Amino acid sequence: MNVKPIATPAGAGAPPAPAKKKRLILLLLPIVVTLLLLLVPVPDGLPPYAWHFFAVFVGVIIGLIFEPLPGAVIGLTGVVVIALCSHWLLFSPEQQAAPGFKLAGQSFKWAVSGFGNSTVWLIFGAFMFAAGYDKTQLGRRLALILVKYLGRRSLTLGYAITFADLLLAPFTPSNTARSGGTIYPIIANLPPLYDSKPNDPSARRIGSYLMWVAISAACITSSMFLSALAPNLLALALVKSITGITISWGNWFIAFLPLGVILILAMPLLAYLFYPPEVKLNDEVPRWATRELEKLGKLSRNEILLLLLVCCALVMWIFAASWIEPALAALLVITLMLWTGVLNWSDITGNKAAWNTFAWFATLVALADGLSSTGFISWLGNAGGSLMTGISPSVALLLLVVAFYLLHYLFASSTAHTTALLPAMLTIAATIPGMNMQVFCLMTVTSLGIMGIITPYGTGPSPIYYGSGYLPTGDYWRLGTIFGAIFLALLLVVGYPWMMMIFG
């Protein structure tokens, strides 16, 4: 029997015209914004080359927000454009006239300076840890163990999901990989056991509750650990570059610890009260988790090795930072993972997410450093600080933290938010007499994870849970507002006094 092929319409497979038009607009938007800023008169007191650098920087941020191309491409484009035009974008006439100054060589050194930043390498190293969790299935095993012992009741199942994320967070710098790539695939199997279906009234039986707990847990743990969210590490580099303050893994953890413990213990219960599941009890989920664990079998050699190695890394990050650079500790552990066979070299070279993030953050670090070296940040700080005249340092600190938190509504990326706003906030705070910069830095950087809860696009895994079919748009915005307000209030009421007591 001969079957005639179905005729394919001309242009089939190509993006529809409206999609092409939208993409073209998004591609042109960063360029148009940059050109418009370049045409704006240079503000008083700011060197022209610093304003020109800022114009390109804003174009990069616009590109990161709308992402017509991958973030790494946007960042690399900005760095290359500035390096090529460095005679009027990056270096002052005085620098260029200095004896022995070679423009081409200095431009290239600046362009690749981010790739030598230790924080960028720490981000890369943590991605390799996450690859180990995925390859050995240790992450899946830990999550299933918690579900097995805590999954009989809906509330305790919520705690199981939260503790699973908590166990993985210190070693997984991408909350998208941790929550979207490890937690979500496991809990997506649970609602059908309760006859809870997506995009259906039955979603509220239990699926909606589980999905909200999972995304909330990802946001909390992203703030709890320095190494649990990639922008945390970027923020660390920006803080050190702009203020000279170094925040260690241990200082970060201690600063957020009381607030983190309260949120971890209270969040599943709060979700149970504000968004209660219809099903309270089910014996099938622990049985399912038991069957899945039986399929995994006993702990493998590589799982045991990985567990030992990540514990060693954690010990070095907390207790040995003064003897071994944290990034070097991560590279040491990766080397041991390669020698012991936990990972192989193809796992390193084939990890596209890690290399993409590595390139992305390296370029952003260079761009942020350029804002400082051109003098734009100091000018902005003086201008912004004048607006805070007459306000007490403690009130100014809290106002800036609240503004930094709420402005996240404008960003679909924690990275773009960090790159665009953190340098400005740090500089403004530094101009206020009596400001405790150590506490201010800790307050702002530890808010980066929890602020992701406020919108369906607020952090990496948000679109995954929003698109699961269990969290309708109205519910997501309502819960985001409620939980976002609770998280912010606790940061101010619990986090601020604690940080002032410890670091004041």
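Let's zoom in on Thr357: which residues does Thr357 touch, not counting residues up to four places away in sequence?

Modeller: Leaving out residues up to four places away in sequence, Thr357 touches Ile123 and Phe127; contact here means heavy atoms within 4.5 Å. Before we go on, keep in mind that this is a predicted model, where local features need pLDDT of at least 70, side-chain atom pairs count only at pLDDT 80 or more, and totals for chains, interfaces and linings use all residues. Residues are numbered from 1 along each chain as its sequence is written, and side-chain values use heavy atoms, with hydrogens and water left out.

So where does Thr357 sit? Thr357 has a relative accessibility of 9%, so it counts as buried. For that word the cut-off is under 20% relative accessible area, while exposed is over 50% and partly exposed lies in between (1.4 Å probe, protein chains only). If you go from Thr357 to Ser248, you cover 109 residues along the chain, and their C-alpha atoms are separated by 22 Å.

Another threonine to look up is Thr34, in helix α1 (residues 17-39). Thr34 is buried too, at 13% relative accessibility. With residues up to four places away in sequence again left out, Thr34 touches Ala55, Val56 and Gly59.

Now let's see how some helices pack. Helix α11 (residues 207-224) and helix α13 (residues 249-274) have axes that come within 9 Å and cross at roughly 175 degrees. Those axes are lines fitted to C-alpha atoms, for helices over the stretch in contact, and the angles run from 0 to 180 degrees between N-to-C directions. So α11 is roughly antiparallel to α13. The scale goes like this: under 35 degrees is roughly parallel, over 145 roughly antiparallel, 65 to 115 roughly perpendicular, and the rest oblique. To find the contact yourself, pick out residues including Tyr209, Trp212, Val213 and Ile220 on the α11 side, which meet a set in α13 that includes Trp252, Phe253, Phe256, Leu257 and Met267.

What about charged pairs? The whole structure holds 7 salt bridges, each being a side-chain nitrogen of Lys or Arg within 4 Å of a carboxyl oxygen of Asp or Glu. One of them joins Asp347 and Lys135, at 2.7 Å from N to O. This pair links distant parts of the chain: Asp347 is in helix α17 (residues 345-349) and Lys135 in helix α7 (residues 118-136), 212 residues apart. Asp347 is partly exposed at 22%, and Lys135 is partly exposed at 40%.

Helix α14 (residues 284-296) has local pairs. Arg287 bridges to Glu284 with N and O 3.5 Å apart, and because they are 3 residues apart in α14, about one helical turn separates them. Both are partly exposed, Arg287 at 46% and Glu284 at 26%. Glu284, Arg287 and Arg291 are linked in a network of salt bridges. Lys295 and Glu292 form another bridge, 3.2 Å between the closest N and O atoms, and they too are 3 residues apart in α14, about one helical turn. Here Lys295 is exposed at 66%, whereas Glu292 is buried at 14%.

Finally, the cysteines. There are 0 disulfides in the whole structure; to count, two cysteine sulfur atoms must be within 2.5 Å. The sulfur closest to that of Cys311 belongs to Cys312, 7.2 Å away, so it is too far for a bond. Cys311 is partly exposed at 39%, and Cys85 is partly exposed at 23%.

Methods: Helices (H or I, at least four residues) and strands (E, at least two) are DSSP runs, numbered from the N terminus.
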